[in-house]
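Have the sequence and the 3D view open as you read.

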Amino acid sequence: MELLTLPKPGDGGDFAAGLSDFLSGLGGKKIRCPKCGWRPRKEDLWSCGPPCHTLWNTFDTAGRCPRCSKVWLHTACLSCHQWSPHVDWYEPDPGAGT
Ligand SMILES: [Zn+2]
Ligand SMILES: [Zn+2]
């Protein structure tokens, strides 16, 4: 009889490690709305959902609420109010050669 230990899926336990890799890969990347091209500034704030309602700059944390740790995989544009996948907001690196 063989017992296998499998990692628990879906609880986001390794998100912190993934987030830090993700953020380090984003150094210097420009951010703009993929729908309308609006560029958020440092002082622009997004609101978490109820009951949290924390206001923070979602691009500081790659979409993760600093208070309740909810991860927002989609980000609403403050200009055109359309939702786009968070990763789509980061402009591709023109120096990457792809
Ligand atoms: Zn929250
Ligand atoms: Zn937009």
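The protein has 1 helix and 4 strands, and keep in mind that this is a predicted model. Going along the sequence, the order is α-β-β-β-β. Of the 98 residues, 9% are buried. As for how the chain meets itself, take the contacts with a separation of 6 or more: 43% of them join residues 24 or more positions apart.

**A buried tryptophan**

Let's start with Trp89, which sits in the segment after strand S4 (83-85). Is Trp89 buried or exposed? Trp89 has 24 C-beta neighbours inside 10 Å, and the cut-off for buried is 20 or more, so Trp89 counts as buried.

Which residues does Trp89 contact, once neighbours within four places in sequence are set aside? They are Ile31, Arg32, Cys33, Pro34, Thr75 and Ser84. Gly37 is another residue to look at here: Trp89 and Gly37 are 52 residues apart in sequence, yet their C-alpha atoms are 9.1 Å apart in space.

Pro34, one of the contacts of Trp89, lies in the loop between helix H1 (15-24) and strand S1 (46-47). Pro34 is partly exposed because it has 16 C-beta neighbours inside 10 Å, which falls between the exposed limit of 12 or fewer and the buried limit of 20 or more. Not counting residues up to four places away in sequence, Pro34 touches Ser84, Asp88 and Trp89. Ser84 turns up on the contact list of Trp89 and on that of Pro34. Pro34 and Val87 are 53 residues apart in sequence, with 9.7 Å from C-alpha to C-alpha.

**An exposed leucine**

Next comes Leu55, found in strand S2 (residues 55-56). With 12 other C-beta atoms within 10 Å, and exposed meaning 12 or fewer, Leu55 is therefore exposed. Beyond its neighbours within four places in sequence, Leu55 is in contact with Leu45 and Ser47. Leu55 and Asp44 are 11 residues apart in sequence.

The table sets out the C-alpha to C-alpha distances for the pairs named so far.

| Pair | Apart in sequence | Apart in space (C-alpha to C-alpha) |
|---|---|---|
| Leu55 and Asp44 | 11 residues | 9.4 Å |
| Trp89 and Gly37 | 52 residues | 9.1 Å |
| Pro34 and Val87 | 53 residues | 9.7 Å |

**Backbone details in the loops**

Now for some backbone geometry. What kind of peptide bond joins Pro50 and Pro51? The bond is cis, with omega about 0 degrees. Pro51 belongs to the loop between S1 and S2.

Positive phi values come up too. Ser69 is not a glycine, but its phi is positive, at about 65 degrees. Ser69 lies in the loop between S2 and strand S3 (74-76).

Where is His81? Look in the loop between S3 and S4. His81 counts as exposed because it has 10 C-beta neighbours inside 10 Å.

How values were computed:
Residues are numbered from 1 along each chain as its sequence is written. Chains are lettered from A and ligands numbered from 1 in the order in which they are written. This is a predicted model: local features need pLDDT of at least 70, side-chain atom pairs count only at pLDDT 80 or more; totals for chains, interfaces and linings use all residues. Helices (H or I, at least four residues) and strands (E, at least two) are DSSP runs, numbered from the N terminus. Two residues are in contact if their C-beta atoms, placed from the backbone, lie within 7 Å.
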